[in-house]
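Try each task before you read its solution.

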Amino acid sequence: MLSNLIWMFVLLCCSVADENSIRDADIFPSSPAIERGSSLELSCVLRKNYMHQRNASHIIWKLNDTLIAPENYIIVNETVSNITIHNFSYSTAYVNCFMKHLDKELPLARTEVKSGFRPDIPENISCIYFYDANLTCTWNAGRETSFTTKYTLYRNLTHSPYSVTPCQNATESCSFFPPSNAYSNDFCFQVKAKNVLGESSTDCIPIPLQKIEKFAPPEILSVKKIPGIKQLLTVTWKMPEKIIPLKPIICQVQYRNLYSNFTEFVNVSLNSKKAIGSCNLTGLWDSTDYSVAIRCINNESAFWSGWSGEKNGSTEEKAPSGKVDLWRVIESSHSSRNRSVHLMWKPLKSFPPSGRILGYKIQYFPEKKTSVRKRTNNSTEKKITLLLNEEAHIISVTAYNSAGESPEAILRIPSIDEKSSQVIETVMASTTNEEVVVEWITSEPETTKYVVEWYEELEMDPFGRSWQYVSNSTKWKNNKKNFKPFVCYNISVYPLYGRNVAAPSYTQIYVQEKKPSEGPVADTGILGKNEVTIKWNEISKAKRNGFITNYTIFYKSEDGKELNETVNSDVLQYRLKSLQANTQYTVQIMASNRAGGTVGDQKTFKTLKFDKEDFFFIAIPVGISVLCLIGLWITCVLKKHAFKKVCWPDIPNPEESLAVEWPLAMNNSFLKRVSSQTKTVNPEDISVLEYCFPEESQEGSLLINYENHVSECTDINTKDITNGDEKILCNEENEVAKCFSPSMPYILAEQFTRSQMHSALIPAKEVQPIEMVANDLCGSQQNPVKNEENYDEEVLKLEDFSDKALFNPYLKNSVKTREFLVSESLPEHSTDEHKSQSSVLSPFQPDVPGQSYITLDMFRLAKAQ
């Protein structure tokens, strides 16, 4: 009740003081801080401008955004409303008061409330004294208070009422600096903590400064070996200057073997008056590097100094005690005289090691020439390549340091033509969860030493190989981590006989497999009607990722079901059978290993429509036909003269005939003139005169009659010419020969061409039988033109003229018939031209220059044109 009255008084005073304020209300207390879990009491005071409108009974409260129940409200008067919040658990919260008016909430005032805890009593006070530098104490403040807490460190003299100036800080540490940190053994330390809710304090705890002294780390001056004394190092260091005087000091020397990483300690007692400390480290390894560090402590103090910086030193060396691990790779010889031998080695991991290796000495000489001076090479690396001839050589390698050389590691390099026996029968490689295991079987159990060599299959550098000696065992193991996954390794096992290396045995292994990176590319070989040969190449070794176990051929026709065939890994081609003819197929090859399979690119091919057997059955009859034609052609070539004589007999040249003497009066002037006027003879201007020759027995008598008749015609013509008449007397009886007009040329034709000439010449009106021609010629003055009826009769007579046999006196030995073609289309001669002629042409004469005649060949040429 008393507290409420006090609050009312405070509010009243505030309202009077803030009479001129523009705010409508205030919350008291403003921004309170309370202990978490306690009750919170607040008051909302209205200003005067609210009194005539609303009063405190209309005030409502909210915690953050949550309405506080009205039963927690207390209406003090018309202007003051109180609120009580029990068990306040928020670390930070906002309390608001509102005026409720016409169902509206009008904000009046707002305050922030924080809760926390009183500071706990600090615990575990710990102090460190750095002589003539600072005194620093730390403590544990306890739980978080959620309020800013200030800490005060008091340093009091035990037997004095006076206190040294305290140290204040907001953290859990505080330090005294000169001149406030004077050395004394009678100090006690006390810490007080205070925040808005209260304070707490510790008791004054006495702490002697010599027990909390900590000084800076010492400085190592040297770590040296003593010449001639092995397994010993001398360490010298410098002490820090700020140390409590007259106090005993203990220094701890730590030394660590860099090869074994094993650490040991040595304690050394010193007087604080000594500024330099030293000690000897004994029982060390020869030729070994050591790392040394030092720290020191006051004999009464609880705190060591920090470690000094490390410094390294090495013990006295001695000559290497073990042989190097030596191996070789002999490169195939490209000539008959020189070859490359690649030597590689590694020092044995002896314990303790012999010392720091400065280099290696390599010596070699021909085995059969011991008197020859050894060749020597030096190398700082663990490999070298020697160029040797075809002879066997002995090679030795030694390691050396400042104290001497190691024993020799010796190998024998065989000659080029030397053959070693096969001692190892079988080599088997396998893997377990963590290891690679290689086992082998030997035919000579007395062999007790081997070399196991392994390298990647695609590794071309001979120095990229790894090797290891194995003694008294036919089994070798190595960690899987030394092998790459998905890579093929070649593993070789070499038996050793002293310096000699026997023939190796080989195997391969994948420590881990996965399916191939790519599949084989299919190719088609020999195509057939119902089969095809599929070929493919091996996948490159870099993309196999394991041992290929088999190949699977997948093939499918258009709109057909996919089929497959599986073959072994050593098969690189396969013949697919029972395919459909003239059908398109697609084919793919899958390469598989233990981890899976990968399919290659797709290939398309089409089977043939006909197979070779089909072509065989077609080719046999065609070949026989061709052979028959070739035989017939050869026969024609060989018998061409006989065939020509039968089918195309030779036609004698009438100009060269000696069968009859032609009258000299029969000149050739008219024929020459005709020939000059018309260069070619038109077949329409030619008539056919056909002779039917008598039998051989009658040829003589016919020749005599013909000669008589010629003479008669010659006499008659002579008489007629003298009278100026151009007539030709003709006998109407069947005689051997007729008189020809001087302008009539002729053509000799064979009997088998008569039908062709008739077909070509019958439409011409000039084609007439020889008798009609003669009569026309004889009576040309009286009947110059014939009518159509006489023309038809002439054609019929021409058809029957072939039955008559006439004799040609100058073709006695030729074929039995001859055809004379007479042209009536020659230009008609005027009476004056006939009169100008001195005589009528006589019948054709043999061997008369300029005599016109047409042979069968000329006729054919004209017909063709």
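**Exercise 1.** Sort the lining of the second largest pocket in this predicted model into nonpolar, polar and charged residues.

*Solution.* Next, find the centre: of the 32 lining residues, R328, I330, P414, Y494 and P504 lie nearest to it. Then trace the lining back to its elements: β25 (324–330), β26 (339–347), β35 (449–456), β38 (488–497) and β39 (500–501) each give two or more residues. Finally, note the volume of this pocket, about 880 Å³.

**Exercise 2.** Work out the strand order of the open sheet of four strands, and explain why one side of β1 and of β6 is left without a neighbour in the sheet.

*Solution.* Start with the order, which reads β1-β3-β7-β6 with antiparallel pairing. Now look at the edges: β1 (25–28) and β6 (73–75) each have a single partner strand, so one side of each has no neighbour in the sheet. From one strand to the next, the twist averages 20 degrees. Move on to β3 (residues 40–46) and β7 (residues 80–85), which are antiparallel and joined by six bridges. As a check, find C44 and follow its bridge to S81 in β7.

**Exercise 3.** In the open sheet of three strands, which strands are at the edges?

*Solution.* First write down the order, β18-β19-β22, paired antiparallel. The edge strands are β18 (219–224) and β22 (276–282), each of which pairs on one side only. Then turn to β19 (residues 232–238), which seven bridges join to β22.

Notes
Residues numbered from 1 in each chain as written. Predicted model: local features only at pLDDT ≥ 70, side-chain atom pairs only at ≥ 80, totals over all residues. Heavy atoms only, no water. Pairing = 2+ DSSP bridges. 1 Å grid on protein atoms, 1.4 Å probe; cavity = no way out; pocket = protein on both sides within 12 Å on 5 of 7 lines; lining within 4 Å. Points joined across faces, edges and corners; volume = space filled by probe spheres on them. Nonpolar A, V, L, I, M, F, W, Y, C, P; charged D, E, K, R; others polar. Axes fitted to C-alpha atoms, helices over the stretch in contact; angles between N-to-C directions.
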